[in-house]
Amino acid sequence: MLKRIVSVGAVTAGLVVLMTPVAHADTPTANYDLGLQYGNVHRATLTENADGSGNRIRVFGSSPCTTSTSDRDNVVGVVPSGWNDAISRVYDYNSCDTKLYEDGGAATGDAQTGWIDGGSAGVYVGPNWNDRASSFALS
Ligand SMILES: [Ca+2]
Ligand SMILES: [Ca+2]
């Protein structure tokens, strides 16, 4: 009998998790090129869909990223309009890696990924970070 009660409790806890509201995710409707005022070295592309399809944000800079990730070569503190909680895949080029942040501001204390090395093949950000980032940085 005791076993059965424990069982029911576990099922109830599972239902509570399933009913947690899902955060609003944007549906991007436009492509953006950021950082072209600094230069035309392609540093990263972030796409709407996990397979690289859909709309995309490209980021440019004056040079390749520095080899150290202790400095940040680009900080996009506010993703472009329509891109909140929408990024699903990351490509990076010219020695850059990408870090995603849950909220705006790319604040060092915010929930964030490790440095993602998407490379030219790109990488899916994974279920934990899919449609979650609100800002990002390159280094
Ligand atoms: Ca997405
Ligand atoms: Ca977010």
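# Reading the terms in a predicted model

Biologist: Which residue of β7 is the bridge partner of arginine 89?

Modeller: The bridge partner of arginine 89 in β7 is tyrosine 124. This is a predicted model, in which local features need pLDDT of at least 70 and side-chain atom pairs count only at pLDDT 80 or more, while totals for chains, interfaces and linings use all residues. Residues are numbered from 1 along each chain as its sequence is written, chains are lettered from A and ligands numbered from 1 in the order in which they are written, and side-chain values use heavy atoms, with hydrogens and water left out.

Biologist: What makes β5 and β7 a pair?

Modeller: Two strands pair if DSSP finds at least two bridges between them. Two bridges join β5 to β7, so the pair meets that definition. The two strands run antiparallel. Strands themselves are DSSP runs (E, at least two residues), as are helices (H or I, at least four), and both are numbered from the N terminus. The protein comes to one helix and eight strands, in the order α-β-β-β-β-β-β-β-β from the N terminus on.

Biologist: In what order do the strands of the open sheet of five lie?

Modeller: The order is β1-β3-β2-β5-β7, and the pairing is mixed. β2 and β3 are antiparallel over six bridges, with valine 41 opposite glycine 61 in β3.

Biologist: Why do β1 and β7 count as edges?

Modeller: β1 (32-34) and β7 (123-124) each have a single partner strand, so one side of each is left without a neighbour in the sheet.

Biologist: Which strands are joined to β8?

Modeller: β4 is joined to β8 by three bridges, and the two run antiparallel. Here asparagine 74 stands opposite leucine 138 in β8. β6 is joined to β8 by four bridges, also antiparallel, and leucine 100 has phenylalanine 136 in β8 as its bridge partner.

Biologist: Which way do the side chains of β8 point?

Modeller: Ser135 and Ala137 point one way, Phe136 and Leu138 the other way, and all are buried. In a regular strand the side chains alternate between the two faces of the sheet.

Biologist: How do you know whether proline 80 is buried or exposed?

Modeller: Buried means under 20% relative accessible area, exposed over 50%, and partly exposed in between (1.4 Å probe, protein chains only). Proline 80 has 12%, so this residue is buried. Proline 80 lies in the loop between β4 and β5 and touches Tyr32, Leu34 and Ile57, not counting residues up to four places away in sequence. Contact means heavy atoms within 4.5 Å. Over the protein, buried residues make up 37% of the 139 residues.

Biologist: And serine 95, buried or exposed?

Modeller: Serine 95 has a relative accessible area of 51%, so this residue is exposed. Its place is in the loop between β5 and β6. Leaving aside neighbours within four places in sequence, serine 95 is in contact with Cys65, Thr66 and Ser139.

Biologist: Why is the link of cysteine 65 and cysteine 96 called a disulfide?

Modeller: The rule asks for a pair of cysteine sulfur atoms within 2.5 Å. The sulfur atoms of cysteine 65 and cysteine 96 are 1.9 Å apart, and the two form a disulfide. The link joins distant parts of the chain, 31 residues apart: cysteine 65 is in the loop between β3 (56-61) and β4 (74-76), and cysteine 96 in the loop between β5 (89-92) and β6 (98-101). With 90° about the S-S bond, this link is right-handed. Cysteine 65, at 5% relative accessible area, is buried, and cysteine 96, at 3%, is buried. By this rule the count comes to one disulfide.

Biologist: What makes a set of residues a nonpolar core?

Modeller: The members are buried Ala, Val, Leu, Ile, Met, Phe, Trp, Tyr and Cys residues joined through side-chain atoms within 4.5 Å. The largest such core has 19 residues, of which Leu46, Ile87, Leu100 and Phe136 touch the most other members. β2 (41-47), β3 and β8 (135-138) each supply at least two residues of this core. Leaving aside neighbours within four places in sequence, isoleucine 87 is in contact with residues including Leu46, Val79, Trp129 and Phe136.

Biologist: How do you know where the charged end of arginine 132 sits?

Modeller: A charge sits over a ring if NZ of Lys or CZ of Arg is within 6 Å of the ring centre and within 35 degrees of the ring normal. The charged end of arginine 132 sits over the ring of tryptophan 129, 4.0 Å from its centre.
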